[in-house]
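I opened this structure to see how its chains are built and where they meet. My notes follow.

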Amino acid sequence: MTDRAVITTEVPAMTVRTAELLMAVLLALCSIGLMVKSAELRIGWVPDRGPGSGAWPFWLSAGMLLACVATMIRWFRGTTPESRNLEPYMTREVALLVGISAGSIVFLLVVTHLLGIYVALFLFLLFYLKFVGRHSWLITVSMMVLVPIFIFCLFEWALKIPLPKSITEPMFYPIYDLMYS
Amino acid sequence: MGGLAEAMQPLNFMMIIIGCALGLLIGAMPGLGSVNGVAILLPITFIVPPTAAIIFLAAIYYGAMYGGAISSITLGIPGASTAVATVFDGRPLAQAGHADRALTAAAVASFVGGTISVVLFTLFAPPLASFALRFGPAEEFALMIMAFATFIGLGGDDIPKTIFSILIGLVLAAVGLDIISGQPRLIFGDIDGFLHGINFLVLAIGIYGIGEMLWTLETTKGEVMVHKVQISLDRMKSNFKDIKNYIGTTSLGSILGYFVGTLPAAGATPASLMSYGLAKTFSKDPDSFGKGNVGGVAAPEAANNAASTGSMLPMITLGIPGSPTTAILLGGMIIWGLRPGPLLFTENPEFVWGLIGSLYIANFATLVINLAFIPLFVKILTLPFSILAPIIYILCVVGGYAPTQTMHDVWLMLLFGVVGYLLRKLNYPVAPAVLAIVLGPLAERSLRQSLLGSHGDVTVFLTRPISATCILIALALICYPVIQKLTRRRRRNLGMGQGQG
């Protein structure tokens, strides 16, 4: 009973072969989408103005579609190494590692929108260093303080590129006064 | 000699040293290249005389060209698009514990590239400038077709996937306002962020920053970045002995880089990628390219440094910038009250020759600073992955934000990073997409101008000698893998026939 339960609940990993076809189909659909979007503008010859605004991206997208079709044909014929590869495209372990990293960057960007980049950096470093890397509090806190200061000094002070601060902007007014006075 | 004496003036010499060091730092920062450094630091040069100012900015330009290789090798992220090709072999070398070898090769090749190009600049400025002037839109477009064909013919990757990569890069470059009619194009979901187009750095940092980190996570499981890193006097000696193995490739790349750099349509990025392709073609072991061949580091580094000098040629002699960085330098010259063009040589000789003299010195100064700090750069790799990864992610996010200062671009960068990683797992080459997004606007403009000028007659590319030559070379490059495949099949069949006989 237990074995049967395991067999029925376990999701088989997608093979590289399946991923190759799926990716080619997805990219072909994207190419068609781009062709449709480009065709909203003129794709033919406009008198005295040359090719229409949509011509360049339209024909490039058509080329992309042809390249995807070629990949699909090669998949059916088993020409590419990927079309013959029956190993998993992504193991559960890799998916977890990649998911944590990509997810933490999404978290960094969402918090940047809500609370500004410096609070986001602070929380991102806390999460990555303490909970993912399991580093000591000394290293974690040092990095949480030093990295935002370094980023501020380099980008905002030396290179004069203001970074997004959202609702925390007023907290920086005294520093701006010091910088620009 | 007068130029060297001018460059050796205490103020000018100090400007060279500070500029080189700053350039190295800026170039090494992912997302920041010479163009950012020169643009941001241009206003502070108004406090010094024009000659010292141009020397300072040229030193930053030079230093950033060297610095781009540092992050390409030690972090796997190109500091700027000009160092994209350096990642191809620099990163595998670093991962195999040979970061010091790759950095030495990059420094030496940059020095050779810089030196050869400065000599060429000094000797052949007038005839080359007039040759570059003959390039019209048809020639520019044909030259770009040749650059793309290099990837198809010599890239060694799956051809339909390479073509897809080139085309998607060109389509991404077309997003935003149409360069001729001003109409909005490919504005997905009517999101305003697409109106200003997609900056090439967004794609480059996404693919080579985020995507590379995800790839490293998969291959190392986050445990180690590099298995072994050693720095010793013996290793340094052996690294210098290595020079003879890539000096030929480096010299060829330097000359190619210089010539490509002089063309306003091209520049350091295509020069470095073309040089990489050439090095791979002429190598005795082309299969080792992309897996850690030191020649694959030296060739693009020599070319991008040579191209940076080359791009100054049309700026000084004709008043036409050869690259975005020289466009800013040109703007600076006008602010300083100078008139760029042929008259500059007679009206302000101390300025021109001081700049040329400073290039010789900056080249040497950057080599010394770079080599002295190689152990420090290599130390970066010994950091635990769980410390290095968040730092790189942060630099990518800030680097992705810096060029346009919109969060929209940072989200796009993340999307490109994840999609690039998923595509890379299926052997889609990503470098052609990066080249295509850089050259896309120029390619479209030159194609449309050519067709408009010829009233839609596409034979315009075949009736002009220079463009016809470029198109023929491009066709030969595209046919090369097919011919190679047929030859191999014929040989195999012959071998089987002989075996049976």
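I started with burial in chain A: 27% of its 181 residues count as buried. Buried means 20 or more other C-beta atoms within 10 Å of a residue's own, exposed means 12 or fewer, and partly exposed lies in between, with C-beta atoms placed from the backbone.

The model is predicted; local features need pLDDT of at least 70, side-chain atom pairs count only at pLDDT 80 or more, and totals for chains, interfaces and linings use all residues. Residues are numbered from 1 along each chain as its sequence is written, while chains are lettered from A and ligands numbered from 1 in the order in which they are written.

Next I checked the dimensions. The C-alpha trace of chain A spans about 75 × 65 × 25 Å along its principal axes.

I then listed the elements. Chain A has 8 helices and 2 strands (DSSP runs numbered from the N terminus: helices are H or I, at least four residues; strands are E, at least two). Their order along the sequence is α-α-β-β-α-α-α-α-α-α.

Where does chain A touch chain B? I found 54 residues of chain A in contact with 49 residues of chain B (contact: C-beta atoms, placed from the backbone, within 7 Å). On the side of chain A that touches chain B, H3(A) gives the most, with 11 residues. That side divides into 35 nonpolar, 13 polar and 6 charged residues (nonpolar: Ala, Val, Leu, Ile, Met, Phe, Trp, Tyr, Cys and Pro; charged: Asp, Glu, Lys and Arg; polar: the others, Gly among them).

Last, contact range. Among contacts in chain A between residues at least 6 apart in sequence, 57% join residues at least 24 apart.

Notes:
Contact = placed C-beta atoms within 7 Å.
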